[in-house]
Amino acid sequence: MRIYISGLYSGPNPSPGIGIARSLRLAYPDAELVGVDYSNRSSGVHWPNFDEIWLQRPWQELDLRQYQDHIEAVLHSDALWISGLDLETFWLARVLPGHPNLLLPGIKALQSIAKPRIDAHEGLSLNLPPFISTEHPDWELHAFCRKHGWRVWVKGPFYEARRVWSWYDVNVARADLARTWSTDQLFLQAHVAGHEESIALSAYDGELLGCAYMRKRDLTPEGKTWAGQVNDVPAELMDALRESLRALNWTGGAELELIRDGAGTLYLLEWNPRFPAWIHGATLAGRNLPGLLVQRATGYSVKQASVMSPEFVRVVLEIPVRPEFPLPPLPEPSSSSFGLVLKHPSGMPTLLKRLHQERGRPSVPERSQRRSPAIPRSILNDLDAHDLCRVDTPCWLFLESTAETSFRRTAVLARQASSPRIRTLIAYSIKTNPEEKLLKLAQRSGLLAEAISQLEVERVLAAGFSSDCIVLNGPGKWWPSLNNSTPPFRAIFFDSMEEVQHALSGELDNLASVIGVRLRPPQAASRFGIPIDSPRAFRELASAVSALPREHSFGIHLHLASSSVGIDQWWAIYDSLLLWAKTLESASGRTVEMLDLGGGWFPDDWHSDLLPRLEDITTNAAGALPHLRELMLEPGKALAQSSMALATRVLEVRRSQRDVEEVIVDSSIADIPEVFNYPHRMLFRHSNGQRWQPLTRGRSRVLGRLCMEYDVLATHVELPQSIQPGDLVVVCDVGAYDRSTSYVFGRG
Ligand SMILES: *Cc1c(COP(=O)(O)O)cnc(C)c1O
């Protein structure tokens with residue numbers, strides 16, 4: 001009996017070859033085991049269990065046709081082949097379909113386990129974590145991340161996953177994975193917090209031969225198994241599993257990687273078409289799955305393995321190097337492939353590239369059309385109201401009707417949510433963009449204004465607000481100095497215990513009708529507000545609050561950006577805030593009459609998630625806090641972000657062959673400082689053209705005019721072949737912090 005086993009790398013993220021060999025050695029002590037790999041960096045080529053090593057040229061040098069013939073000859077000589085490399089499995093399933101000695105699944109079965117959809121999961125009553133293909137417009141990818149609280153992974157179609165925490169991370173991870181795996185077909189997947197479990201199995205012609213359930217007991221920093229406990233597959237999964245394998249007509253090993261969340265729900269992360277690297281752990285627990293596979297394929301009985309332990313751990317071993325495969329030196333540290341060679345010694349990125357080139361691409365999710373982000377009609381109409389043939393660029397464009405609609409809708413829904421008992425108030429956050437047009441619009445719409453400095457107070461007074469329409473927040477609200485003739489303000493929220501003490505000294509008397517505190521809930525990583533995460537801190541706060549002058553109403557404030565903590569998390573924190581507020585009421589003896597929930601909403605979430613729930617929150621808050629009279633929100637970017645666009649002109653078009661590689665425009669990151677923080681919808685128009693064309697994803701870059709490396713306004717966009725100097729690019733969504741934090745640079 002001669003068995004070829006591929007995938008011998010045995011580092012912290014190992015291939016299963018060694019585990020398969022060890023298990024087969026126990027099952028068939030006399031079998032000839034041949035280890036196959038594609039790099040002398042795969043440490044397992046030195047593993048003593050192998051009788052022979054078949055070390056191939058690296059994938060980029062292999063003549064695939066010839067190699068296929070070799071393998072076919074091997075199979076004809078009655079040897080078996082068990083692959084430990086997913087992509088080799090895909091390739092062999094395609095070029096040598098149905099060979100009885102090739103112990104791997106057919107191409108159809110492989111297609112139905114392709115990520116991210118893993119169609120085969122359907123029969124198993126397992127959930128898939130939510131995902132979205134990166135071929136969707138950036139605008140939608142960003143929404144996905146907000147929805148899932150920035151607990152997100154960027155994943156490649158076969159290997160590799162990167163945890164990301166911000167839009168910037170998404171772009172870095174995506175560019176990296178796209179480069180490594182030569183594909184744009186990546187996807188984002190929501191993180192599931194839970195414990196990892198795994199099913200290893202062995203099947204032949206659709207018949208389940210054996211399986212094992214493994215709970216990870218220790219992990220490497222990359223999350224790979226370092227110790228585990230092996231058990232029976234839960235009974236409720238068994239029948240479905242058997243049924244699925246039959247439907248897939250599965251042959252070979254497989255691993256289903258699962259994660260069990262806190263509520264006990266099981267999610268399927270991956271369905272790998274090979275044994276897992278920990279497979280020998282199952283053998284030690286009395287389930288020799290590679291042995292069962294070979295037994296079924298050959299008819300030779302497997303030597304019965306005894307149960308050594310239901311639990312296994314890994315250790316690090318030094319073993320002698322085979323003299324015929326001396327170790328190669330490290331690659332030149334400066335070589336670009338340095339990290340890659342060490343990380344993927346079996347050359348999977350190269351194999352994938354070759355399979356792409358030969359159009360023998362393993363199945364990946366079908367290409368969705370490159371959809372462009374939907375540009376609201378009102379933005380296009382507002383752009384048409386500007387005569388861009390004449391303006392000097394770069395130029396800020398106020399999008400009048402877009403802004404109006406947003407402010408008006410907010411005001412109307414706030415009025416509708418109000419009742420005789422409780423009013424819903426909206427205060428526009430001035431710092432987000434103190435542009436006069438926006439302040440006036442806020443005032444005309446009947447909104448209040450939220451200020452963080454006395455300079456902002458002066459500015460809104462000048463815009464026509466009265467002082468009782470002003471709410472003061474933040475750590476420096478009295479800076480640079482208080483004009484005593486201004487107050488009383490509508491509300492003041494203290495950011496620290498020091499500020500509360502200041503109020504107790506009497507100096508702030510009669511400054512506002514409501515005084516209150518900004519809380520820093522224990523779940524929130526924030527530098528603002530009064531911490532309440534220890535009983536002592538809470539007691540001190542309660543006693544200070546009870547001493548606050550009774551002629552003021554008392555209020556509570558929270559501001560945590562849902563755009564960064566995520567929408568679901570925001571609502572969870574809101575719920576807990578109500579509990580804190582109730583607790584503070586009973587501990588201090590003061591009733592909460594105003595609840596201010598701050599801002600931090602991305603415009604789309606504000607309009608599609610928060611505003612429709614405004615009435616519910618108001619009733620709900622009133623139910624929790626019986627003395628509540630006012631509920632307030634302080635949107636900034638929710639109202640301002642889409643209210644402005646930036647028009648810029650193309651200065652130069654750079655081509656390679658005939659393709660547009662990049663264009664230089666006359667604006668820069670000095671005008672759009674937030675360009676890396678969230679996607680900006682962009683439009684293009686010829687200098688004398690009429691029609692705006694949204695920029696979709698492509699291969700070109702839009703570069704700023706500054707002599708700064710990082711002045712890159714967009715990567716991966718499709719620019720029309722006909723683009724010329726003088727043509728216009730409009731960057732939307734710049735009406736919030738882009739505008740207010742833009743700076744003068746490179747203008748002499
Ligand atoms: C900045 C700020 C806001 C507005 O935040 P956006 O992210 O622009 O919505 C609201 N309230 C307070 C206290 C703020 O500091």
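Mentor: A polar contact is a pair of N or O atoms within 3.5 Å; within protein, one must be able to donate a hydrogen and the other to accept it, and residues adjacent in sequence count only if both atoms are side-chain atoms. Here, an N or O atom in the side chain of Glu634 is 2.6 Å from a nitrogen atom of the ligand. The model is predicted: local features need pLDDT of at least 70, side-chain atom pairs count only at pLDDT 80 or more, and totals for chains, interfaces and linings use all residues. Residues are numbered from 1 along each chain as its sequence is written, and side-chain values use heavy atoms, with hydrogens and water left out.

Trainee: Which polar side-chain atom lies 2.8 Å from an oxygen atom of the ligand?

Mentor: That atom belongs to Lys637. His559 also places a polar side-chain atom 3.4 Å from a nitrogen atom of the ligand. On its own the ligand has 390 Å² of accessible area, of which the protein covers 93%; such areas come from the Shrake-Rupley method with a 1.4 Å probe, and for residues only the protein chains shown count as cover.

Trainee: Which residues around the ligand come nearest?

Mentor: A residue is near a molecule or strand if one of its heavy atoms lies within 4 Å of it. There are 14 residues around the ligand, and Lys431, Gly600, Glu634, Lys637 and Tyr737 come nearest.

Trainee: How is a salt bridge read, and how many does the count give?

Mentor: Side chains of opposite charge can pair when their charged atoms come close. The criterion is a side-chain nitrogen of Lys or Arg within 4 Å of a carboxyl oxygen of Asp or Glu. By this rule the structure has 36 salt bridges. In one of them, Arg146 and Asp605 meet at 2.5 Å, N to O. This pair links distant parts of the chain, with Arg146 in helix H5 (residues 138-147) and Asp605 in helix H20 (residues 603-610), 459 residues apart. Helices (H or I, at least four residues) and strands (E, at least two) are DSSP runs, numbered from the N terminus.

Trainee: Is Arg146 buried or exposed?

Mentor: Buried means under 20% relative accessible area, exposed over 50%, and partly exposed in between (1.4 Å probe, protein chains only). Arg146 is buried because its relative accessible area is 1%, and Asp605 is buried at 6%. Another salt bridge joins Arg65 to Asp69 (3.4 Å, N to O). Those two residues are about one helical turn apart, because four residues separate them in helix H2 (residues 64-76). Arg65 is exposed at 53%, whereas Asp69 is partly exposed at 36%.

Trainee: How many disulfides are there?

Mentor: A disulfide is a pair of cysteine sulfur atoms within 2.5 Å, and the count by this rule is zero. Cys732 is in no disulfide, the nearest cysteine sulfur being that of Cys395, 13 Å away. Cys732 is buried, with 1% relative accessibility.

Trainee: How do strands E12 and E13 run relative to each other?

Mentor: Two strands pair if DSSP finds at least two bridges between them. Six bridges join E12 (residues 252-261) to E13, and the strands run antiparallel. Tyr267 in E13 is the bridge partner of Ile259. The two strands form a hairpin with four residues between them, and Gly264 in the turn has a positive phi of about 90 degrees. Strand E13 (residues 266-272) is mostly covered, with seven of its seven residues buried.
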